[in-house]
Amino acid sequence: MYTLQCVECGKENKETNYNCECGSLLEVRFDFDEVSVDFKLDGRDLRVWKYRSLLPVKSDPVTLKEGGTPLYRLERLEKELGIRRIYVKHEGLNPSGSFKDRGMTVGITKALEFRKKAVACASTGNTSASMAMYAAKAGLKAFVLLPAGKVALGKVAQALMHGADVIGIKGNFDDALRIVREVCDKADIYLLNSVNPYRLEGQKTIAFEIVDELGVPDAVLLPVGNAGNISAIYKGFKEFKELGLIERIPRMIGIQAEGASPIYKAFKEGRREITPFANPETIATAIRIGNPVNAKKALRAIYESKGLAEIVSDEEIVSAQKILAKNGIGVEPASASSVAGLIKLAKMGKIDRDSTVVCVATGNLLKDPETVIKVCGEPKIVDAEIEKVMALVT
Ligand SMILES: *Cc1c(COP(=O)(O)O)cnc(C)c1O
Ligand SMILES: [Zn+2]
């Protein structure tokens with residue numbers, strides 16, 4: 001029904017590989033003649049496993065009821081930017097508070113299918129929180145490698161409480177990923193970073209849900225770090241088109257933080273390969289990545305969909321985070337970069353006024369309380385006296 005194929009040389013790989021012999025990324029390919037689509041695109045009962053007939057599993061899934069996240073409309077921002085329809089898909093309302101849960105429900109299910117006893121990942125935070133949660137549910141041992149001192153507090157708290165072994169690396173995310181890949185090979189631990197092709201299969205359901213609820217938008221904007229998600233969402237749209245469920249694919253628009261923007265740079269120069277950033281830096285720690293492993297897939301998604309890549313500054317990210325908050329949508333900094341990018345591109349005239357756009361908000365506000373306090377300041381403190389409080393409310 002499905003095979004694991006190399007995206008470069010096309011070679012079919014073993015189901016348990018993460019990389020082809022040629023060193024390139026792998027991708028799950030379905031034989032659509034053998035797939036019977038058993039869901040209706042009626043906008044109802046949205047969740048990852050609604051689309052099980054297009055997910056590569058052979059066993060009962062390990063699930064915490066992920067997906068089915070709300071799509072909110074931002075009418076005020078529409079007026080301000082002069083764009084017909086702007087939606088935000090709030091992935092921060094998944095079980096662990098980020099879209100990573102969509103990938104982990106599939107990835108952890110595969111770990112059990114492959115009879116692995118332990119799983120591991122390098123993480124800027126959310127992958128570790130999600131993996132720890134799903135590993136706990138499945139009864140698997142979990143090892144997490146984090147760049148020491150560079151992970152938002154809420155995410156570390158989740159990984160610890162759900163019982164992962166948390167290891168801080170004195171280096172950045174890219175160092176942690178390099179190390180965990182070797183360790184997994186040597187110790188027969190299942191690797192759940194986004195080089196793992198099954199995780200991306202779960203994440204492609206973001207595209208399925210958007211189509212299910214809204215139809216095909218003109219553009220989808222999202223933050224890009226390791227670039228798995230943009231690749232996954234594009235794959236989702238492409239599969240729906242191959243199946244004849246939709247007729248066109250939206251423009252995929254990847255937004256990076258200025259200080260961590262190798263994909264933007266490659267796009268600007270019309271290249272299909274990146275030059276890594278040695279010292280990525282941004283307030284948006286979830287996308288503080290200098291050497292995105294899925295860069296090639298992401299650039300292909302951008303070029304093929306006639307999309308684009310853009311950068312935003314930390315100030316623009318915080319400003320967009322506040323705009324979302326004023327609309328009742330609480331997100332962590334990285335998540336706001338999609339909306340920051342939309343604002344920037346709309347002002348540059350690069351978004352059609354007559355279009356419907358969806359911004360993916362990737363993670364929850366509660367993930368990064370420390371940044372919030374830095375940006376918003378501490379609460380006011382007064383004596384426990386009515387007059388003192390009255391003075392503050394009038
Ligand atoms: C993981 C993550 C991203 C980046 O996704 P990639 O697939 O690595 O590009 C963006 N925002 C948040 C909140 C994340 O957790
Ligand atoms: Zn290959």
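This is a predicted model: local features need pLDDT of at least 70, side-chain atom pairs count only at pLDDT 80 or more; totals for chains, interfaces and linings use all residues.
Let's start inside the protein: alanine 320 is buried, at 0% relative accessibility. Ligand 1 has a shell of 16 residues around it, and the space it takes is the largest cavity.

**Helices α11 and α12**
- Alanine 320 belongs to helix α11, which covers residues 314-326.
- Alanine 320 and alanine 340 are 20 residues apart in sequence, yet their C-alpha atoms are 5.1 Å apart in space.
- Serine 337 has its place in helix α12.
- With a relative accessibility of 0%, serine 337 is under the 20% limit and so counts as buried.
- The side chain of serine 337 comes to 2.5 Å from the backbone oxygen of alanine 334.

**The shell around ligand 1**
- Which residues are the closest to ligand 1? They are Lys100, Asn126, Asn226, Ala227 and Thr362.
- By residue class, the shell around ligand 1 holds 6 nonpolar, 8 polar and 2 charged residues.
- Two helices, α8 (228-242) and α12 (333-347), each provide at least two residues of this shell.

**Polar contacts of ligand 1**
- The side chain of asparagine 126 places an N or O atom 2.6 Å from an oxygen atom of ligand 1.
- Threonine 362 has a polar side-chain atom 2.7 Å from a nitrogen atom of ligand 1.
- Asparagine 229 takes part through its backbone, where an N or O atom lies 2.8 Å from an oxygen atom of ligand 1.
- How much of ligand 1 does the protein bury? Taken alone, ligand 1 exposes 380 Å², and the protein buries 97% of that.

**A buried loop residue**
- Asparagine 294 sits in the loop between α9 (262-268) and α10 (295-304).
- Is asparagine 294 buried or exposed? Its relative accessible area is 0%, so asparagine 294 is buried.
- The side chain of asparagine 294 makes a polar contact of 3.1 Å with the side chain of serine 194.

**Lysines with positive phi**
- Lysine 65 is not a glycine, but its phi is positive, at about 65°.
- The loop between β3 (26-30) and β4 (71-73) is where lysine 65 is found.
- Lysine 65 counts as exposed because its relative accessibility is 74%, with the limit for that class set at over 50%.
- Lysine 306 is also not a glycine, and its phi is positive at about 55°.
- You will find lysine 306 in the loop between α10 and β12 (308-312).
- With 66% relative accessibility, lysine 306 counts as exposed.

**A partly exposed helix position**
- Valine 183 is part of helix α5, residues 173-187.
- Why does valine 183 count as partly exposed? Its relative accessibility is 41%, and that class lies between the 20% and 50% limits.
- Valine 183 and aspartate 38 are 145 residues apart along the chain, and 40 Å separates their C-alpha atoms.

Definitions and conventions. Residues are numbered from 1 along each chain as its sequence is written. Chains are lettered from A and ligands numbered from 1 in the order in which they are written. Side-chain values use heavy atoms; hydrogens and water are left out. A residue is near a molecule or strand if one of its heavy atoms lies within 4 Å of it. A polar contact is a pair of N or O atoms within 3.5 Å; within protein, one must be able to donate a hydrogen and the other to accept it, and residues adjacent in sequence count only if both atoms are side-chain atoms. Accessible areas come from the Shrake-Rupley method with a 1.4 Å probe; for residues, only the protein chains shown count as cover. On a 1 Å grid over the protein atoms alone, a cavity is a set of points where a 1.4 Å probe fits but cannot get out, and a pocket is an open set with protein on both sides within 12 Å along at least five of seven lines; lining residues have an atom within 4 Å of a point. A molecule sits in a cavity or pocket if more than half of its atoms lie within 2 Å of its grid points. Helices (H or I, at least four residues) and strands (E, at least two) are DSSP runs, numbered from the N terminus. Ala, Val, Leu, Ile, Met, Phe, Trp, Tyr, Cys and Pro count as nonpolar, Asp, Glu, Lys and Arg as charged, and the others, Gly among them, as polar. Buried means under 20% relative accessible area, exposed over 50%, partly exposed in between (1.4 Å probe, protein chains only).
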